[in-house]
Amino acid sequence: MSDVHPLDPLVRRWSKYRSFSTGDRNAIRELPYVRRTFGKDAYIVREGEQAGECSLILRGFAYRQKLLSDGDRQIISFHIPTEFVDLQNGVLGIADHNVQSLNHCEIAAVSRSAIIELADQRPAVRMAMWIDTLIDSSIFREWVVNVGRRDSRARIAHLLCELVIRLQRIGADREGLFDFPLTQEQLADATGLTAVHTNRTLQSLRREGLLQLSNGILRVLDWEGLREVGDFDELYLHQQV
Amino acid sequence: MQIFLQELEALAPLSVDDRLAILQLPMRLRRLDAGAYIVREGDVPKHCVILIDGFAIRQKLTGQGARQILALCIPGDAIDFQNMFLDISDHAVQMLTRSIVAEVPREAFQEIVMTRPAIGAAVIHSTLIESSILREWVVNVGRRNARARIAHILCEFAVRLEARGLASGEGFELPMTQEQLADATSLTPIHVNRVLKTLQAEGLISRQRRRIEFDDWRALQEVADFNRRYLHVTSEDEVVAAAL
């Protein structure tokens with residue numbers, strides 16, 4: 001199925017959660033949006049901002065982060081195409097964290113009022129949006145466990161497993177190869193480790209023949225092995241809903 | 001159910017009919033002992049559960065058996081709104097104290113949030129705040145030192161309990177043991193004990209059994225790197241501004 005409309009990937013992802021009528025599908029396609037492009041590490045949303053729009057990724061990666069008063073950074077999630085990076089701002093109004101582009105990134109910016117109107121008029125779409133935010137929460141819970149109670153090897157392996165599954169789900173798997181633009185520093189900030197520790201851990205996962213990671217391309221050589229090291233069980237991604 | 005209703009009304013204006021619809025939800029009250037599980041990871045829940053009285057924790061175990069506590073549930077919280085639409089529970093919820101919960105059949109709950117927009121809005125709002133708190137917990141265990149982690153969790157509990165009228169600004173009864181605090185902050189119980197003593201020695205808090213008093217609330221927030229924005233509750237300043 002080829003996409004004729006830039007929002008079709010979103011329609012397809014949401015319609016996995018709930019069966020949509022033609023009217024539902026069209027209502028999503030008719031969402032008014034502005035296309036914005038961001039270079040590497042640009043701010044899409046800043047903490048404390050009154051959010052006027054919600055950003056859907058059309059191309060590229062983005063991440064959510066919070067800065068501590070001493071300047072340390074914790075990355076709290078990564079986002080890939082077909083995902084909204086800040087759907088919650090449609091309801092909460094004030095952004096409680098920052099969102100940055102990870103690489104060259106293309107966003108469909110939808111006004112908050114258009115999101116609310118779509119949710120009001122289309123119960124099935126509202127439910128799909130809702131499921132999206134509930135799955136986000138489940139991922140955050142797993143991240144608390146990951147940085148809280150796993151050792152460094154497991155943390156990195158777990159994060160890689162999660163991203164592989166999510167990338168596969170949007171069809172970004174190129175015969176076992178994945179575009180993987182995350183830097184070691186970003187991996188470190190997502191796992192609560194230092195960059196040096198992250199580097200050492202990646203090297204050991206490589207040496208054990210679990211994966212290859214170079215020039216922004218990830219290849220998983222031993223999925224079962226990586227899963228085991230990562231203590232990874234994909235239940236929390238709720239793909240069965 | 002009154003406490004749950006109040007919590008929803010704080011998030012979205014409800015009509016008389018909305019209120020009635022909540023009070024008339026089919027439900028069963030259950031008393032649970034401390035330590036009892038209301039839902040386990042992997043369960044297919046049939047109910048949405050609201051905590052009426054008492055405290056509970058969300059938790060997950062790693063493959064090695066280490067426990068991570070993910071949230072403290074306080075009276076008025078829905079324990080598992082996510083089970084409205086997600087079929088399998090991805091974590092366990094365990095009672096910290098003797099508690100009373102209201103169990104509402106999943107379908108009845110789904111129906112009320114889908115057919116009554118104001119209730120739906122309040123419930124969405126509540127799940128999004130829960131999500132925001134989880135993000136802050138990632139930061140807490142990921143990038144703060146032990147002292148800041150403990151101070152942060154104390155500040156968070158204090159603000160949440162106060163917002164629901166369950167504590168005064170001076171202090172509160174901590175419903176957790178030091179071991180549970182350790183599992184919520186990814187520290188060891190010994191480390192938690194040491195940090196609590198330090199905070200006390202520095203004149204930030206005082207403790208009597210489970211009671212925590214804030215002797216220097218401002219300084220504690222500073223140690224914690226605490227900014228209540230992520231709780232999305234109305235701040236004292238806003239309350240004052242609204243009153244003027």
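Predicted model: local features only at pLDDT ≥ 70, side-chain atom pairs only at ≥ 80, totals over all residues.
Before you start: residues are numbered from 1 along each chain as written, and chains are lettered from A in the order in which they are written. Local features need pLDDT of at least 70, side-chain atom pairs count only at pLDDT 80 or more, and totals for chains, interfaces and linings use all residues.

**Exercise 1.** Find the domains of chain A and describe where they touch.

- Start with the domain assignment, which is automatic or from a database: it gives domain 1 (8-131) and domain 2 (150-237).
- Their centres, taken over C-alpha atoms, are 24 Å apart.
- Next, count contacts (C-beta atoms, placed from the backbone, within 7 Å): 11 residues of domain 1 meet 11 residues of domain 2.
- On the domain 1 side, strand β5 (residues 73-79) gives the largest share, four residues. Strands here are DSSP runs of E, at least two residues; helices are runs of H or I, at least four, and both are numbered from the N terminus.

**Exercise 2.** Work out how many residues of helix α7 (residues 184-191) of chain A are buried, and what covers them.

- Buried means 20 or more other C-beta atoms, placed from the backbone, within 10 Å of the residue's own.
- Six of the eight residues pass, among them A:Leu187 and A:Asp189.
- Their cover includes β5 and α8 (195-207) of chain A.
- Just past the helix, A:Gly192 has a positive phi of about 70°.

**Exercise 3.** Which helix of chain B supplies the largest share of the side that touches chain A?

- Contacts link 37 residues of chain B with 39 of chain A.
- The largest share of the chain B side, 16 residues, comes from α4(B).

Definitions and conventions: Contact = placed C-beta atoms within 7 Å. Buried ≥ 20, exposed ≤ 12 C-beta atoms within 10 Å, placed from the backbone.
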